[in-house]
Amino acid sequence: MHEGVMGLVGKLGTSIVDGISTSEQLINARKEIYGVNKFTESPSRGFLLFVWEALQDTTLMILGVCAFVSLLVGIMTEGWPKGAHDGLGIVASILLVVFVTATSDYKQSLQFKDLDKEKKKITVHVTRNGFRQKLSIYDLLPGDIVHLNIGDLVPADGLFVSGFSMLINESSLTGESEPVNINDVNPFLLSGTKVQDGSCKMLVTTVGMRTQWGKLMATLTEGGDDETPLQVKLNGVATIIGKIGLFFAVVTFAVLVQGLFSRKLQEGLVWSGDDALVILEFFAIAVTIVVVAVPEGLPLAVTLSLAFAMKKMMNDKALVRHLAACETMGSATTICSDKTGTLTTNRMTVIKTCICLKIKDVASSTKSSDLCSEIPDATLKVLLQCIFNNTGGDIVKNRDDRIEILGTPTDAAVLGFGMSLGGDFKAERQASKLVKVEPFNSVKKRMAVVLQLPEGGFRVHCKGASEIILAACDNYMGPNGEVVPLDIASINLLNGIIEQFASEALRTLCLAYMDIGSEFSAESPIPVNGYTCIGIVGIKDPVRPGVKESVEICRSAGITVRMVTGDNINTAKAIARECGILTDGGLAIEGPEFREKSEEELQKIIPKLQVMARSSPMDKHTLVKHLRTTFGEVVAVTGDGTNDAPALHEADIGLAMGIAGTEVAKESADVLILDDNFSTIVTVAKWGRSVYLNIQKFVQFQLTVNVVALVVNFTSACLTGSAPLTAVQLLWVNMIMDTLGALALATEPPNDDLMKRTPVGRTGNFITNVMWRNILGQSLYQFVVIWYLQTRGKEAFQLVGPDSDLILNTLIFNSFVFCQAFNEISSREMEKINVFKGILQNYVFVTVLSCTIIFQVIIIEFLGTFASTSPLTWQQWFVSVTLGFLGMPISAALKFIRV
């Protein structure tokens, strides 16, 4: 129908070599015809929807009914506007709670939307106008030529143009786990699938909602983030406290009504509209006790704290993909880190070589040209042929006409070395024909290609882990370019050179070749031995600045750092010592040796294990599994390759590299380290601890308010027949401790002291003994203060007259609120005396506290009719504030009690 791939190339007006034209007019015309590579997103929820959701709260709905009945009865008995004050007061309080909750939820939804956009920023290599360049997947158009490699996500629907060993994982579309072989016979590449092996050029044919993935997306709506473990735990706590509150509320209501009936029996059973209002007020108080008791602020505090941390971590170069990772990272006890690119800079250069058994320093270009003159012509020819053909990289000219090396840092280092020897990439590639490519993977630890030579016959070039390639060699190239059989002496000499390079913290690669006659087909396997060693190159990958200090911070924080790498054991040890990971009592082991260990042996060696070299992805997975299950550790794992996905998935927290990481690794990870830097991982741990601690502070603060509000209203209802705190006042207290308290305490930024504590680990209690001590001590003080005011307040303040009860209840309410305001400051530190350190840097805390106090003054002085309060004298204000302030020295004294 379309005359194959080449027919479609013509119809799409593109070229396999040069791609599409970058002229703005033509690009716009393509967009008009074919559309853009974006999926239709579901519209974001508006603010009013969040208001509606906040109104669905059962207790608030019951209070709303109370307010409505109160308005009706009040207006019928006392007329408008006097009879409407109580009802309107409750309505205003409900609206305030609803709007603050809705605003908070709405802001978070916008924040998560921004983070979602950040997650989807993916770039691919594309050829346009003859230049290879990086392009966002959203800018792809039909006709584009895309270059795909292992670990890439297929960004649109398209066709295979050319490539080798392409295996595609289509499980995301079809559910089939078996990879599909893509070649000229089966050229169809589908958007959303993953490259499991090989590399290829792809012609984009369909983009956006017209792709198979787009059609699937149209039938789905993306679910939100699941609840985090801490949210689940706190929801359980909230439910238990809510049930206790419900019990207290029912008993309080029963006691208050029974008191009213007793009075009515004494006065004679004459009922009026006022009595109905009183019973309604009792019911409102009972419902409000439930509102205060149910700590709906707990899950809110977790979400607020996590959202705040996610936003700040974004600035610190860490993108959180799953909310739960934030809090889990705070409990991490072990980090299993990659070496390349995480502990090192990933900027590699060849600085030493051993060719024809001669070691040469090639750190500068002049030294490289010296080497060029010393190498025999025959050896140089084979060496350059190997470097430029056996690579996953490419050398291209960019738009500025400057030469650019594309590919992995290792490939780029070797290609750079080839160019310094005077090699011509394009000429070498055109001189012979590539027949078969076996891309590098971390299991085989080698890459091989088969070339059809211009003079006839086939040649295999192989490069990879030095000891593995050397073991596959039978010969080496001698001083005059001749092929010499390898004997024991020369094998020992070459192994000694590999160890020498490795002990200088160099990555070593061995380059080898083999002529295989004139019979070879693309289906035949590439030979695994019988090679001739061309030489060994030593690649320098410097340790990142600040890594040693970060490892030291982890050690002092009780976090063990282990290095897991595919490199030679001597290279790994040298780098690990430089980073401070390998200590005197520590153990370094190779993957093959680790694999052979029995369960009993693993039990003994894993606690001491600090470095694992020449590891396969399954070794990493086994180590992580043992650390988690046998030793109960909370494990964070870093990874960048496709093969790291199992370990990233197995770990408690998977950390993928944002720059070097493949799309498959990123999809399996919980957090993306955007700058690939180990120091950022330490920052993530610090933020994780901060989240955990902030929520603990908030829980301590909230449980104190809960205990006091419940006990005060319950005891006074039982003993005096009336509740000192009205429904409106309790709603305001609920507002202070739930939404505003969560805002103030859950957004406390981290400090360096956090990394001096031991990690919580998997089994630590969330509500610690220290928290119980602070909660019970502070609750007892507040209860004594309020009980004293209730029983002795009138004498102490010489209150007489008809308004004495109203003034006393206002005093109790005011003192109670100021006790919470000062307790909020005390809650900033659970164990330290100085609670003011860094308080002015936390603008949210200062703003919330200031607003609470200002609004409290307004409620007392100006909103008396709605809130059942009476303006106070300055002496009464002074006593209220002082009683609240005295909670701080009490809190400080409690911290001296060891628990």
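User: Which residue takes a positive phi in the hairpin of β15 and β16?

Analyst: In this predicted model, the residue is G456, whose phi lies near 100 degrees, and the hairpin that holds G456 has five residues between its two strands.

User: What makes β15 and β16 count as paired strands?

Analyst: Pairing asks for at least two bridges between two strands. β15 and β16 (residues 458–465) have seven bridges in the antiparallel sense, so they meet that condition. One of the places where this can be followed is V450, whose bridge partner in β16 is V460.

User: How do you know that β15 pairs with β14 as well?

Analyst: The cut-off of at least two bridges applies here too, and strand β14 (residues 433–441) is joined to β15 by six bridges in the antiparallel sense, and therefore the two are called a pair. K436 has V450 in β15 as its bridge partner, and V450 in turn has V460 in β16 as a partner. The hairpin of β14 and β15 has four residues between the strands, and in this hairpin K445 takes a positive phi near 55 degrees. As for burial, six of the seven residues of β15 (residues 446–452) are buried, which leaves the strand mostly covered.

User: Where is S524, and why is it called partly exposed?

Analyst: S524 lies in the loop between β19 (506–515) and β20 (531–540). Although S524 and K436 are 88 residues apart along the chain, their C-alpha atoms are separated by 9.1 Å.

User: Why is N842 called buried?

Analyst: Its relative accessible area is 4%, and buried means under 20%, so N842 is placed in that class. N842 is found in the loop between α28 and α29 (843–862). When neighbours within four places in sequence are left aside, N842 is in contact with A744, T747, E748 and P749.

User: What makes β8 and β22 the edges of their sheet?

Analyst: The sheet is an open one of eight strands with mixed pairing, and its order is β8-β26-β25-β24-β9-β21-β23-β22. β8 (318–320) and β22 (587–590) each have a single partner strand, so one side of each is left without a neighbour in the sheet. Neighbouring strands of this sheet are turned by 20 degrees against each other on average, with direction ignored.

User: How do you know which strands β9 pairs with in this sheet?

Analyst: The bridges show it. β9 is joined by four bridges to β21 (residues 560–564), which runs parallel to it, and I335 stands opposite V561 there. β9 also pairs with β24 (residues 635–639) over three bridges in the parallel sense, with C336 opposite V637. β24 is joined in turn by four bridges to the parallel strand β25 (residues 653–657), where T638 stands opposite L655.

User: Which way do the residues of β9 point, and are they buried or exposed?

Analyst: In a regular strand the side chains alternate between the two faces of the sheet. In β9 (residues 334–337), T334 and C336 point one way while I335 and S337 point the other way, and all are buried.

User: How are α28 and α31 placed against each other, and what makes up their contact?

Analyst: Two packed helices are described by the angle between their axes and the distance between the axes. The axes of α28 (residues 804–826) and α31 (residues 874–885) come within 7 Å and cross at roughly 35 degrees, and the crossing is right-handed. The residues that meet include I807, L811 and F818 in α28, and W877, V881 and F885 in α31. By class, this contact has nine nonpolar, five polar and no charged residues.

User: What is known about the largest nonpolar core?

Analyst: The largest nonpolar core has 137 residues, and those with the most contacts inside it are M329, I653, F678 and V699. Helix α25 (residues 678–720) gives the largest share, 19 residues. V699 touches L234, L298, F766, I767 and M771, not counting residues up to four places away in sequence. Another core, of 28 residues, lies apart from it, with L384, F388, V414 and L415 among its members.

Notes
Residues are numbered from 1 along each chain as its sequence is written. This is a predicted model: local features need pLDDT of at least 70, side-chain atom pairs count only at pLDDT 80 or more; totals for chains, interfaces and linings use all residues. Side-chain values use heavy atoms; hydrogens and water are left out. Buried means under 20% relative accessible area, exposed over 50%, partly exposed in between (1.4 Å probe, protein chains only). Axes are lines fitted to C-alpha atoms, for helices over the stretch in contact, and angles run from 0 to 180 degrees between N-to-C directions. A crossing is left-handed if the near helix is turned anticlockwise from the far one by less than a right angle, and right-handed if clockwise. Contact means heavy atoms within 4.5 Å. Ala, Val, Leu, Ile, Met, Phe, Trp, Tyr, Cys and Pro count as nonpolar, Asp, Glu, Lys and Arg as charged, and the others, Gly among them, as polar. A nonpolar core is a set of buried Ala, Val, Leu, Ile, Met, Phe, Trp, Tyr and Cys residues joined through side-chain atoms within 4.5 Å.
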